[in-house]
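I open these notes to record what I looked up, entry by entry. The sequence and the model come before the entries.

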Amino acid sequence: MEPILRQLQSPNNALRNEAEAAFNAAKQQPGPCLDALSALATSSQDDIVRAAAAVLLRRTATELWDGAGDATKTAVKQRLLAGVKQEPQANNRKKLCDTVSVLGAGVVAQGGWPELLPFLFEMSKSAVPHERESALYMFSQLTDYISAELEPYLATLHGMFRAALADPDQSVRVAALKATCSVLNTVDSSKCSAFEDLVPLMLHPLSESLNAGDEDAARQSIEMLIEVMETEPRFWRNHLPQVTSAMLTVASTVALEEGTRQLGL
């Protein structure tokens with residue numbers, strides 16, 4: 001499989017087409033294909049090969065999953081969770097997180113990955129900042145697909161978000177905001193009120209990004225908050241002064257681009 005992945009990166013169209021045909025042939029054996037991709041995505045010594053394997057695994061995992069045996073499925077899941085923690089390159093780590101999220105979205109609801117949510121909760125408490133960030137990122141990717149499975153964990157999620165929104169690491173705080181907003185956009189409106197006390201903390205990534213001059217991060221924070229304002233307008237009613245003040249600050253900051261300032265309105 002590794003030669004195929006390397007050849008897929010070739011600038012030569014003929015070689016790349018040949019590699020694509022070889023990979024399509026490999027997919028005819030779902031178990032060995034998943035086994036090889038997951039092993040390369042998590043243990044190859046070549047950054048490019050790990051990245052390519054993770055992307056292909058994300059694209060094909062759900063397609064091939066039912067054709068693989070239980071032992072292979074278990075090995076793939078174990079490798080992916082270990083790989084997310086061990087991957088040294090941030091870009092590759094995100095690719096693995098995306099792969100876990102796509103696979104989890106397809107199998108968690110069927111009871112096919114009972115270890116995933118406990119793993120993410122535990123990882124969110126890691127002493128390593130990028131592990132906390134990765135756990136929150138995967139929660140934000142998964143919530144649309146496993147909202148029913150998250151219902152029993154809402155109190156646990158609240159505690160996790162409270163801690164993460166106050167994390168000393170800015171990247172973790174932004175990931176926490178995204179995960180919090182994802183849950184609020186997904187769960188039943190009647191359950192959102194339990195998270196209202198988090199609103200002041202949810203505004204922090206925005207103000208911190210503005211203070212740091214990071215307009216891209218500020219814009220991302222505003223867009224996430226606006227989405228919740230549109231889906232759950234009543235969620236903000238007890239914190240209107242703080243929310244209004246934050247948005248007016250955005251709208252009146254002349255150093256920001258016009259599009260960003262408009263979001264504040």
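I count residues as in contact if they have heavy atoms within 4.5 Å. I take helices (H or I, at least four residues) and strands (E, at least two) as DSSP runs, numbered from the N terminus. I note that this is a predicted model, in which local features need pLDDT of at least 70, side-chain atom pairs count only at pLDDT 80 or more, and totals for chains, interfaces and linings use all residues. Residues are numbered from 1 along each chain as its sequence is written, and side-chain values use heavy atoms, with hydrogens and water left out.

Entry: helix 5 and helix 6.
I looked up which residues of helix 5 touch helix 6. On the helix 5 side I found Val76, Lys77, Leu80, Leu81, Gly83 and Val84, and they meet Arg93, Leu96, Cys97, Thr99, Val100 and Leu103 of helix 6. I sorted the residues of this contact into 8 nonpolar, 2 polar and 2 charged; Ala, Val, Leu, Ile, Met, Phe, Trp, Tyr, Cys and Pro count as nonpolar, Asp, Glu, Lys and Arg as charged, and the others, Gly among them, as polar. Helix 5 spans residues 70–86 and helix 6 spans residues 90–107; I recorded an angle of about 145° between them, with axes 9 Å apart. Axes here are lines fitted to C-alpha atoms, for helices over the stretch in contact, and angles run from 0 to 180 degrees between N-to-C directions.

Entry: helix 4 and helix 6.
I then turned to helix 4 (residues 47–65), which packs on helix 6 at about 10°, the axes being 9 Å apart. The two helices are therefore roughly parallel to each other, a term for angles under 35 degrees.

Entry: helix 13 and helix 15.
I found helix 13 (residues 199–212) packed with helix 15 (residues 240–252) at about 15°, with axes 10 Å apart. That angle makes helix 13 roughly parallel to helix 15. Val199, Pro200, Leu203, Leu206 and Leu210 of helix 13 meet Gln242, Val243, Ala246, Thr249 and Val250 of helix 15. This contact divides into 8 nonpolar, 2 polar and no charged residues.

Entry: an annotated stretch.
In UniProt (unreviewed entry) I read the annotation "domain: Importin N-terminal" for residues 19–86. Over residues 19–86 I noted 85% helix and 0% strand, with the end C-alpha atoms 29 Å apart.

Entry: Thr186.
I located Thr186 in helix 11 (residues 170–186). Leaving aside neighbours within four places in sequence, Thr186 is in contact with Thr143, Asp144 and Ser147. Thr186 and Asp144 are 42 residues apart in sequence, yet 6.1 Å apart in space, C-alpha to C-alpha.

Terms used. Parallel < 35°, antiparallel > 145°, perpendicular 65-115°, else oblique. UniProt positions renumbered as here; feature names shortened; annotations may be inferred.
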